[in-house]
Amino acid sequence: MSAILIISPEPWKGHFVSKHHYAVNLAARGYGVYFLNPPDASLSGVRIEKTNHANLWEVSGPMVAKGLRFYPAAVRRRLEARWLRALEKKAGRRFSAIWLFENSRFFDMKFAKNRLKIYHQVDLNQDFHVVDAASSADICLANTDAILRKILPYSDRTYKIHHGVSMPSALLPLSEEQKGRFFENGINAVYVGNLEIPYLDTKLLGELVKAFPAIRFHFIGKYSEDGSLYKQCKDSENIRWWGAVKSEMIPSILLYCDIQLLTYKVESDWEKEQMASPHKLMEYLSSGKVVVATYTDEYKDKPGLLEMVDRPGKYIEKFYDVVSNIDDYNSNTKQTVRRAFAQENTYPKQLDRIITILNKHNLKF
């Protein structure tokens with residue numbers, strides 16, 4: 001099987017997002033996958049290490065050259081091409097494809113010459129060199145309409161692929177202590193994600209916690225005692241602060257919850273486009289449980305998936321309605337609809353769709 005180099009803005013070791021899942025799924029199909037981490041200035045050369053997955057290697061190393069983006073294009077491409085040949089020599093194989101998830105480096109994909117070049121943008125604010133990246137790729141992929149609109153003027157080979165979800169083959173059991181954090185006879189609401197990100201509407205979350213003292217809220221993700229949310233809610237007895245947990249544990253935790261929370265700042269048009277399709281939503285939907293969400297653009301025409309409000313001022317009212325009718329919102333019928341959407345968008349199925357796009361243009365890995 002051929003070998004693929006994935007260029008990622010996030011390191012291999014950490015929270016898995018789309019590029020990690022595509023890497024795992026490509027490797028599971030027999031491709032040799034090399035996952036390039038962000039530059040590591042502490043290293044003097046390239047290091048290739050096996051991961052826990054067959055056919056998948058983690059690649060680390062320093063940047064190709066300091067200030068490379070300021071070099072003349074021809075010089076930059078020559079240096080990057082030389083770096084690529086050296087990496088292939090160290091790996092002992094030639095890469096048939098370069099899959100670029102990051103446009104702040106290697107943004108001019110011409111350095112990859114006749115290899116398959118895929119530019120894949122999954123965050124609107126990852127927009128450092130969109131024109132160069134899109135116009136030099138063979139295929140461009142976007143996960144929201146907003147990103148699609150941004151790329152399309154520079155490549156008519158741009159396609160939308162929705163965020164995917166990884167469905168675990170088996171759930172990891174929670175410890176007895178972890179199970180004990182949940183109400184047995186009450187409602188448990190869960191937020192999963194970094195509690196420090198600037199897009200999180202911490203004011204709204206704080207108001208929600210105080211408005212519903214009989215609901216137990218579980219905040220699962222990195223937080224700081226100096227953070228806005230913690231300062232607002234540190235005395236609230238109806239919160240369980242989990243901190244960061246392994247991503248493999250999330251599906252098990254969601255099984256114990258009744259309501260899943262999505263509360264982002266989405267006042268301006270830019271914020272609405274930036275938060276149009278949070279990755280965590282697919283994992284939420286795979287649990288089947290109801291999701292109470294602030295405005296989430298990619299779901300505005302997908303009824304039955306989210307209980308969504310068009311402005312934050314309506315969120316607490318919507319939450320009250322869901323709490324008051326929780327059995328209906330979590331009926332088997334409604335949970336089946338949510339799970340079905342997630343199952344239709346697993347990473348293996350998204351990869352099939354991408355391969356279909358490649359075939360349409362007589363391209364292959």
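This is a predicted model: local features need pLDDT of at least 70, side-chain atom pairs count only at pLDDT 80 or more; totals for chains, interfaces and linings use all residues.

Student: Which residue of S4 is the bridge partner of Phe 35?

Tutor: Strand S2, residues 32-36, runs parallel to S4, and four bridges join the two strands. Phe 35 has its bridge partner within S4, and that partner is Glu 58.

Student: Which residue stands opposite Glu 58 in the pairing of S3 with S4?

Tutor: Strand S3, covering residues 47-50, pairs with S4 over four bridges in the antiparallel sense. In general, the strands of a sheet pair through backbone hydrogen bonds, either parallel or antiparallel. Opposite Glu 58 of S4 stands Glu 49.

Student: Which residue in the hairpin of S3 and S4 takes a positive phi?

Tutor: The hairpin of S3 and S4 has five residues between its strands, and the residue in question lies in the loop between S3 and S4. With a relative accessibility of 29%, it counts as partly exposed; the residue is Asn 55.

Student: What is the relative accessible area of Asn 362?

Tutor: Asn 362 is placed in the segment after helix H14, which spans 347-360. Its phi is near 55 degrees, a positive value in a residue other than glycine. Asn 362 counts as exposed because the cut-off for that class is over 50%, and its relative accessible area is 72%.

Student: Is Glu 88 buried or exposed?

Tutor: Glu 88 belongs to helix H2. Leaving aside neighbours within four places in sequence, Glu 88 is in contact with Arg 93, Arg 94, Phe 95 and Arg 115. A residue is classed as buried when its relative accessible area is under 20%. At 9% relative accessibility, Glu 88 therefore counts as buried.

Student: Which exposed residues does H11 carry on the face turned away from its buried side?

Tutor: In helix H11, residues 315-324, the buried residues include Tyr 315, Phe 319, Val 322 and Val 323. Seen down the axis of H11, its buried residues fall within an arc of 100 degrees, so they line one face of the helix. An α-helix has 3.6 residues a turn, so residues three or four places apart point the same way. On the face of H11 turned away from the buried side, the exposed residues are Glu 317 and Tyr 320.

Student: Which residue in S10 is the bridge partner of Val 192?

Tutor: An open sheet of six strands has the order S11-S10-S9-S12-S13-S14, with parallel pairing. Its edge strands are S11 (239-243) and S14 (307-308), each of which pairs on one side only. Strand S9, residues 188-192, runs parallel to strand S10, residues 216-220, and five bridges join them. The S10 partner of Val 192 is Ile 220.

Student: Which element gives the most residues to the lining of the second largest pocket?

Tutor: The second largest pocket has a volume of about 360 Å³, and the elements that give two or more residues to its lining are strand S4 (56-60) and helix H2 (73-91). There are 24 lining residues, of which Pro 39, Met 63, Ala 65, Ser 104 and Arg 105 lie nearest the centre of the pocket. By class, the lining has 13 nonpolar, six polar and five charged residues. The element that gives the most, with three residues, is H2.

Student: How much space lies in the largest cavity?

Tutor: A search of the whole structure finds one cavity of 30 Å³ or more. The largest cavity is lined by Pro 9, Lys 19, Phe 101, Gln 121, Val 122, Asp 123 and Gln 126. By class, this lining has three nonpolar, two polar and two charged residues. The space in the largest cavity is about 30 Å³.

Technical notes. Residues are numbered from 1 along each chain as its sequence is written. Side-chain values use heavy atoms; hydrogens and water are left out. On a 1 Å grid over the protein atoms alone, a cavity is a set of points where a 1.4 Å probe fits but cannot get out, and a pocket is an open set with protein on both sides within 12 Å along at least five of seven lines; lining residues have an atom within 4 Å of a point. Grid points are joined across faces, edges and corners, and a volume is the space filled by probe spheres set on the points. Ala, Val, Leu, Ile, Met, Phe, Trp, Tyr, Cys and Pro count as nonpolar, Asp, Glu, Lys and Arg as charged, and the others, Gly among them, as polar. Buried means under 20% relative accessible area, exposed over 50%, partly exposed in between (1.4 Å probe, protein chains only). The arc is that of the directions from the helix axis to the C-beta atoms. Two strands pair if DSSP finds at least two bridges between them. Contact means heavy atoms within 4.5 Å.
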